[in-house]
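Open the model in your viewer and keep the sequence panel beside it. The stops below go from side-chain pairs to the sheet, the core and the chain as a whole.

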Amino acid sequence: MSRGGGKGASLKDKLDGNELDLSLCDLNEGPVRELAALPKATVLDLSCNNLISLPSDFCSLMHLVKLDLSKNRLQQLPLDFGRLVNLQHLDLLNNRLVTLPVSFAQLKNLKWLDLKDNPLDPVLAKVAGDCLDEKQCKQAAVKVLQHMKAIQSEQDRQRQRKLQAEREMEKKREAEQRAKEAQERELRKREKAEEKERRRREYDAQKAAKQEMEKKTKKETVQTRKPTSGSRPPQPPRHKHSWSRSVLRVLLFVLLCVLCTLAACRLTELQRQPLCVSVNTLYEDVLAALQNHKTLQNMLQQNSQQ
């Protein structure tokens, strides 16, 4: 067969009513695009070719009612083979199939099936039977569909259980995450409360220390001011004491002046001066009087002793 339009034209030439015979054409792949252009070809014969697999878009040929894929080298069918929902007759004789896709269960209109001479899984082979006559092939279609539906249901249940397990796991992770977040929030809250309490204690300690310092300072101030406050009422004695000191200072000054004058009049050349003569005379009289007074005291002491 030529490619492109020539291939499409040749397929159209092979179309006989609704039947298209492509057997013994040495095909390595199914001409899906050209077949899709012939929706009238509801009966397709691809037997006795070299098909190893079918492309996934082969399942778009939903107009097929009867399909013959016998005597090829098919190792598997497309996963979405069940899209061929109008398929009623399927011949897979003498291929290399081991299993069928789960979507096979969707071929609800399938009435005839031949799976002989395939290395089928033992369970599937037992379900399919021999298909030696029309009745067995029809029974094979019914039993295989039931078997695949059971497999599909089991897979759906497993998928559902897995999904449920994943959801529960997700819920568990979310719960653990929420618990962890709640624990972290509680920890932060507790740390914040502890920090507040620590700062409150520091503030109270500082306040107490400040009050103690103020109290101590006030006490020292009061003690320092007590003598001053005690001396304030008797103002007159204070002035009197100051006056006495002033008088004493004057007397000491006068005495110092007298002594200086006396020393000058007796020890210097000023002793011949009239003032110094008077001073010296007065000094001698005073000295004599003191001596007489001393003699009188001695006499009085002697009389008292007798």
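Select D204 and R200: the two form a salt bridge, with their closest N and O atoms 2.7 Å apart. A salt bridge here is a side-chain nitrogen of Lys or Arg within 4 Å of a carboxyl oxygen of Asp or Glu. Both residues lie in helix 4, 4 residues apart, about one turn of the helix. Helices (H or I, at least four residues) and strands (E, at least two) are DSSP runs, numbered from the N terminus. D204 is partly exposed, with a relative accessible area of 33%, and R200 is also partly exposed, at 42% relative accessibility. On this scale buried means under 20% relative accessible area, exposed means over 50%, and partly exposed lies in between (1.4 Å probe, protein chains only).

This is a predicted model, in which local features need pLDDT of at least 70 and side-chain atom pairs count only at pLDDT 80 or more, while totals for chains, interfaces and linings use all residues. Residues are numbered from 1 along each chain as its sequence is written, and side-chain values use heavy atoms, with hydrogens and water left out.

D156 is partly exposed, with a relative accessible area of 37%.

Next, select R161 and E154, whose side chains meet in a salt bridge at 3.3 Å, N to O. R161 is partly exposed, with a relative accessible area of 47%, and E154 is partly exposed at 29%.

Then select E195, R198, R199 and E202 together; a network of salt bridges links them. The structure as a whole holds 13 salt bridges.

Two strands count as paired if DSSP finds at least two bridges between them. Strand 5 and strand 6 pair in the parallel sense over 3 bridges. To see one of the bridge pairs, select D91 and its partner in strand 6, D114.

Select S70, in the loop between strand 4 (66-68) and strand 5 (89-91). Is S70 buried or exposed? S70 counts as buried, at 6% relative accessibility. The side chain of S70 makes a polar contact with the side chain of D68 at 2.7 Å. A polar contact is a pair of N or O atoms within 3.5 Å; within protein, one must be able to donate a hydrogen and the other to accept it, and residues adjacent in sequence count only if both atoms are side-chain atoms. Not counting residues up to four places away in sequence, S70 touches S47, C48, D91, L92, L93 and N95. Contact means heavy atoms within 4.5 Å.

Move on to N109, in the loop between strand 5 and strand 6. N109 is partly exposed, with a relative accessible area of 26%. Neighbours within four places in sequence aside, N109 is in contact with V85, N86, L87 and Q88. N109 and N86 are 23 residues apart in sequence, yet their C-alpha atoms are 6.0 Å apart.

**The core**

Select F58, F81, L100 and F104: these have the most contacts inside the largest nonpolar core, which has 40 residues. Helix 2 (32-36), helix 3 (122-128) and helix 4 (134-231) each supply at least two residues of this core. The largest share, 4 residues, comes from helix 4. A nonpolar core is a set of buried Ala, Val, Leu, Ile, Met, Phe, Trp, Tyr and Cys residues joined through side-chain atoms within 4.5 Å. Centre on F104, which, leaving aside neighbours within four places in sequence, is in contact with L77, F81, L90, L110, L113, V144, L145 and M148.

**The whole chain**

Zoom out and colour by pLDDT, the predictor's confidence in each residue, from 0 to 100. The chain mean is 86, and 87% of the residues reach 70 or more. Select residues 1-8, over which pLDDT stays under 50. Where pLDDT is low, the predicted coordinates should not be read in detail.
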